[in-house]
Amino acid sequence: YLNLEDVSYVNAQKFDPVGWAAGKYTDPKLKRTNPLLFDSNGNPLYNTDWQKEATRNAFSQNHNLSFTGGDDKSSYGVYLGYRDEEGLIKSSYLKRYSGRIVFDSQIKTWLRVGGGLNYIEQKENRIDFGGAGIEVLREILEQLPIIPVKFPDGSWASNENYPNVESAPNPIQILTDRTYIVKTQNVIGNAYANITLAKGLELRTTLGTNITNLQTNLYAGKNLNYISRAQGGIAAVTSSQNHFWQSETYLTYNKKISNIHSFTGLLGASWQHADYYYFTSGAYAFPDDFFQTNNLSLGSNPQPPTSGTSAYGLNSYFSRINYGFREKYLLTVTGRFDGSSKFGASNRYAFFPSAALAWRASEEDFIKSIPIISNLKLRTSFGETGNSEINAYQALAGLGNYSVIFNDSRAT
C-alpha cells in the first residue's frame, strides 16, 4: 500500500503537471511519522495479515440419537439432535438442539392415525448483516497491513491512525465489540386420520402447524467508529412471532369396472391461517459496554419502540374427477373455489376450473414392441388459476403521512 502511495505521488507530476506545480500533492512520506506505526526512517513496524487475524480453523460437531419401534400395526420414532458449529470468522458460531417424535398406528381396520412433532432451538452469532456498511468481511480487505490489531498499550488500532484513509475500526475490534445474537424457537406439528367409510370410499383429515419465535439482540460498543461511537453505543432487541396452521379434509372414492373403466372422485376443503407480530426496542448512549442488550434502561438516549402485526386466511373448496379407459385414455376435470382474506369483501372468492386429456401411448400394442420406450404419455390441459400473493390489508383503505405541494410549499 505504501508503495502504491509513492507511485501515485510520482505519477501526479506527469499526469497533472498544473496541480503538481500548484502544490496540490504532498509527498506521502511526510505523513509517516507516527511512532506507533513507523520507525525513525519511516518504515512500517507492522505487516498485519487481516485475513489470518480474523479467521480460524473452525471445529464443528453433530450428534444424533434415535429410538424406533413398533409392530405390524403401529410404529413410532423419537429423534434427538445436537449441533455445534464454529464459524470460519472468529466469534461466529451456531448451536442447535432438536427433537422429533413421529408415530403411525392402524387402530381399527377402518381407522389409521399418525403424526409428528418437531422442535428446534437455535442460537447463533452473526458477524455481518448483509448490508453495505462497515462490516467484518469488508474491513478484512480494507484495513491497511501497516496497522496492528492493538498497540502495545492495549488500545485498538485502525485505519484511523493513518491520515487520509477511511477510519473504520479493524475487523477484530468489530468482532469483539459488536454482537448480533439470533435466537430461534421453532415448532412444527402435524397429525392425520384416515377413515374407511366403505369399500373404495375414504375420508382423510390432516392438521398442521408451524410456530416460530425469533429474537435478535444487537449491541455495538461505544468505541466503534462509523458504527456506534457517535451514538455512544447502540443496543436493540427485536422479537417476532410467526404462527401458521392448516387443515385439509378429503373425501375420495375409487372404483374399477372390469379392468376397463377406472374412476376416482374427490371432494375436499382446506383452511389456512397465518399471523405475524413483532416489536423492537432500543437505546443509545451507554455508560459502558458491560450490560450490552441486558439493560436497555441504562441508555440515556432511548429510541422510539416500534411494533406491527398482520394476519391473513385462505379457504378453499375443491373437487376432482379422474376417468380412465383401459389405463390408456385419461380424463381429469377439476374445480376450485378459493377465497382469501387479503381481498375485499366483494372480490374475496373466485372459481377456477380446469380439464385435462391424456393418452398413455406406451400401453398401445404397437408401442409396447419398441424396447427403448418404457413409458410414454401425452397430455394437454386447460384451466384458470389465481394469485393471492399480495400484502395483507392491501385491499383496504388506509391512512399515512405523505408530503404534498400546496402553493409552491411542501406540506406533510
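**Entry 1**

I looked up Trp245 and found it in strand S7, which covers residues 234-257; helices here are DSSP runs of H or I with at least four residues, strands are runs of E with at least two, and both are numbered from the N terminus. I note that this is a predicted model, in which local features need pLDDT of at least 70 and side-chain atom pairs count only at pLDDT 80 or more, while totals for chains, interfaces and linings use all residues. Residues are numbered from 1 along each chain as its sequence is written, and side-chain values use heavy atoms, with hydrogens and water left out.

Trp245 belongs to a nonpolar patch on the surface, together with Leu207, Trp271, Tyr317, Phe337, Tyr349 and Phe351, and the accessible area of the patch is about 710 Å². Patches are made of residues with over 30% relative accessible area and no salt bridge, with like charges joined within 9 Å and nonpolar side chains (Val, Leu, Ile, Met, Phe, Trp, Tyr) within 5 Å. The areas come from the Shrake-Rupley method with a 1.4 Å probe, and for residues only the protein chains shown count as cover.

**Entry 2: His243**

His243 also has its place in strand S7, and I found it partly exposed, at a relative accessible area of 30%. Which residues does His243 contact, leaving aside neighbours within four places in sequence? I listed Asn210, Ile211, Asn213, His273, Ala274 and Asp275, a contact being heavy atoms within 4.5 Å. For His243 and His273, which are 30 residues apart along the chain, the C-alpha atoms are separated by 8.1 Å.

**Entry 3: the chain as a whole**

I counted six helices and 14 strands in the chain. The radius of gyration is 33 Å, whereas a compact globule of 412 residues would have one near 22 Å; this radius is taken over C-alpha atoms, and the globule rule is 2.2 Å times the number of residues to the power 0.38. Along the principal axes, the C-alpha atoms fill a box of roughly 100 × 70 × 60 Å. Buried residues make up 31% of the 412 residues, and the chain exposes about 25900 Å², of which carbon and sulfur atoms supply 55%.

**Entry 4: the largest nonpolar core**

I then turned to the largest nonpolar core, which has 26 residues, and Val136, Ile146, Ile147, Tyr162 and Leu175 are those that touch the most other members. Such a core is a set of buried Ala, Val, Leu, Ile, Met, Phe, Trp, Tyr and Cys residues joined through side-chain atoms within 4.5 Å. Helix H3 (50-54), helix H4 (136-142) and helix H5 (171-177) each supply at least two residues of this core, and H5 gives the most, with three. Not counting residues up to four places away in sequence, Ile147 touches Leu37, Thr48, Trp50, Ala157, Ser158, Asn159 and Tyr162.

**Entry 5: salt bridges**

How many salt bridges are there? I recorded 19, each one a side-chain nitrogen of Lys or Arg within 4 Å of a carboxyl oxygen of Asp or Glu. Arg178 pairs with Glu135, the closest N and O atoms being 3.0 Å apart. Arg178 lies in strand S5 (residues 178-198) and Glu135 in the loop between strand S4 (111-125) and H4, so the pair ties together parts that are 43 residues apart in sequence. Arg178 is buried at 7% relative accessible area, and Glu135 is buried at 9%.

Glu327 forms a salt bridge with Arg360, with 3.7 Å between the closest N and O atoms. I placed Glu327 in the loop between strand S9 (301-325) and strand S10 (329-340), and Arg360 in strand S11 (residues 349-360), 33 residues apart. Glu327 counts as partly exposed, at 34% relative accessibility.

**Entry 6: positive phi**

Most residues other than glycine have a negative phi. Ser91 is not a glycine, yet its phi is positive, at about 75 degrees; Ser91 is found in the loop between strand S2 (74-86) and strand S3 (93-108), and is partly exposed at 27%. Asn407 has a positive phi near 50 degrees, lies in the loop between strand S13 (404-406) and strand S14 (409-411), and is exposed, with a relative accessible area of 77%.

Notes
Buried means under 20% relative accessible area, exposed over 50%, partly exposed in between (1.4 Å probe, protein chains only).
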